[in-house]
Amino acid sequence: MIELSENIKLFADDSLWIEGESIRQLKNVTELKGIKKAIGMPDLHPGKGGPVGAAFLSSGVLYPHLAGNDIGCGMGLSKTTLKANKIKRDKWAKKLAGLEEPWDGDIESFISDHELEPTPFDNSLGTIGGGNHFAELQVIDKIIDNKLSEEIGLEKKNLYLLIHSGSRALGEFVLRRHADKYRYEGLDENSEGAKEYIVRHDKALKWAASNRALIAERFVSILGGECIPVLDLAHNSITRFEAGLKQYWIHRKGVAPSGCGYVIIPGSRGSLTYIVQPAGDQGDNLYSIAHGAGRKWNRSGCKGKLKNKYPADSLTHTSLGSIVICDDKELLYEEAPQAYKDVDAVVDYLQKQGLIKVIAALHPVITYKVRKNR
């Protein structure tokens with residue numbers, strides 16, 4: 001762990017490459033009024049308005065732009081009734097389609113069952129979205145802790161579905177509504193603006209979790225199966241935090257909360273996903289853990305670095321034997337495994353620091369990004 005200053009800690013070492021711009025962004029945020037502490041995880045990389053892979057502690061003031069426009073974006077893991085000894089990878093990959101299209105089910109009943117308030121964006125419920133979002137069918141690669149795996153409900157005989165998505169246009173609307181009125185200034189925690197934002201923020205968190213649940217339901221139903229939720233964690237959020245008699249706010253952008261029992265740390269499309277248990281008191285890292293491998297290259301430079309060495313079609317099959325469904329060639333390059341850091345190195349570092357205990361690892365069978373050519 002590197003102490004960049006009295007109130008800035010970077011959980012990384014020389015073996016983990018961290019871009020200088022992300023460190024500069026981390027330091028800049030601590031200059032904002034009311035920011036008391038900042039931490040960066042091993043997957044730290046530059047973002048818009050602040051770094052991704054970071055958490056910030058504030059007192060008396062909150063900053064919506066630090067959580068970003070995809071409020072509630074996170075990871076949801078479900079156990080499916082599909083069996084690991086009956087994988088039909090190619091047949092299933094051909095069947096999967098339409099997850100970028102509006103759901104044709106009873107959206108009103110879904111909203112009621114999940115206790116959501118109707119929004120103008122409910123047509124997007126059950127859709128993955130662009131960028132680094134995905135739905136990934138996985139098989140257990142190895143179980144490290146049998147007892148904890150049993151407690152979670154992990155079984156080698158079943159396939160699992162990992163969903164990475166968020167609040168879609170709803171989160172963008174919430175941030176834009178705030179920014180149009182307040183720009184990117186902080187809000188006094190007792191102000192009407194802060195109270196209004198938190199209400200909308202919390203609704204977006206709930207909407208995002210429901211979105212992941214519906215994506216999972218749609219994906220598995222196409223393959224003739226069913227699923228039950230195992231874990232769901234948001235990694236873009238602002239939450240209250242009490243220490244003694246004082247109240248603070250933890251802003252998370254690209255880090256998972258570590259006070260909820262277990263955490264999902266996915267890699268890129270060509271690497272393992274880890275299920276871990278936070279360890280230690282977690283105070284030094286603001287009760288936050290890395291949410292993935294983290295980008296190594298920015299999106300604009302990916303195609304130039306890869307296209308001469310890797311034809312687009314070659315990126316639809318990974319070294320782990322999985323298939324990637326992505327009919328957007330630009331996105332194939334932007335989300336190629338080579339564009340990301342090594343998730344194994346991230347997890348190893350967190351273990352050595354005593355911040356996590358690894359429970360199990362899963363590897364991909366089919367990753368769904370977008371299907372256009374159908």
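**Salt bridges and other features**

Reply: Glu155 and Lys157 meet through their side chains in a salt bridge, at 3.9 Å from N to O. This is a predicted model.

Me: Is Glu155 buried, partly exposed or exposed?

Reply: Glu155 counts as partly exposed, because its relative accessibility is 33%. Lys157 is partly exposed as well, with a relative accessible area of 49%.

Me: How many salt bridges does the structure hold?

Reply: The structure holds 20 salt bridges. One of them joins Glu136 and Arg269, with the closest N and O atoms 3.6 Å apart. That pair links distant parts of the chain: Glu136 is in strand S7, while Arg269 is in the loop between strand S14 (263–265) and strand S15 (273–278), 133 residues apart.

Me: Why does Glu136 count as buried?

Reply: Glu136 counts as buried because its relative accessibility is 1%, and the cut-off for buried is under 20%. Arg269 counts as buried too, at 4% relative accessibility.

Me: Which residues are linked with Glu136 and Arg269 in a network of salt bridges?

Reply: The network also takes in Arg295, Arg299, Glu334, Glu335 and Lys369.

Me: And Lys303, what does its side chain meet in a salt bridge?

Reply: The side chain of Lys303 meets that of Glu330, at 2.9 Å from N to O. This pair also links distant parts of the chain, with Lys303 in helix H8 (residues 299–306) and Glu330 in helix H9 (residues 329–334), 27 residues apart. Lys303 is partly exposed, with a relative accessible area of 29%. Glu330 is partly exposed at 40%.

Me: What does the Asp122 side chain have a polar contact with?

Reply: The side chain of Asp122 is joined to that of Trp207 by a polar contact of 2.9 Å. Asp122 sits in the loop between helix H4 (107–113) and strand S7 (134–143).

Me: Surface next. Which residues form the positive surface patch?

Reply: Lys83, Lys86, Lys88, Lys91 and Lys95 form a positive surface patch. Of these, Lys88 is placed in the loop between strand S6 (74–83) and helix H3 (89–95). Lys88 counts as partly exposed, because its relative accessibility is 43%.

Me: Backbone now. What is the phi of Arg183?

Reply: Arg183 has a positive phi of about 55°, although it is not a glycine. Arg183 is in the loop between helix H6 (168–182) and strand S9 (187–188), and it is exposed, with a relative accessible area of 57%.

Me: And Leu286, what is its phi near?

Reply: Leu286 has a phi near 55°, a positive value in a residue other than glycine. Leu286 is found in the loop between S15 and strand S16 (288–290). With a relative accessible area of 4%, Leu286 is buried.

Me: Last one, Val365. Where does it lie?

Reply: Val365 lies in strand S18 (residues 356–370). Val365 is buried, with a relative accessible area of 5%. The C-alpha atoms of Val365 and Gly105 are separated by 27 Å, and the two are 260 residues apart along the chain.

Definitions and conventions
Residues are numbered from 1 along each chain as its sequence is written. This is a predicted model: local features need pLDDT of at least 70, side-chain atom pairs count only at pLDDT 80 or more; totals for chains, interfaces and linings use all residues. Side-chain values use heavy atoms; hydrogens and water are left out. Patches are made of residues with over 30% relative accessible area and no salt bridge: like charges are joined within 9 Å, nonpolar side chains (Val, Leu, Ile, Met, Phe, Trp, Tyr) within 5 Å. Accessible areas come from the Shrake-Rupley method with a 1.4 Å probe; for residues, only the protein chains shown count as cover. A salt bridge is a side-chain nitrogen of Lys or Arg within 4 Å of a carboxyl oxygen of Asp or Glu. Lys and Arg count as positive and Asp and Glu as negative; His and the chain ends are not counted. The place of a charge is taken as NZ of Lys, CZ of Arg, CG of Asp or CD of Glu. Helices (H or I, at least four residues) and strands (E, at least two) are DSSP runs, numbered from the N terminus. Buried means under 20% relative accessible area, exposed over 50%, partly exposed in between (1.4 Å probe, protein chains only). A polar contact is a pair of N or O atoms within 3.5 Å; within protein, one must be able to donate a hydrogen and the other to accept it, and residues adjacent in sequence count only if both atoms are side-chain atoms.
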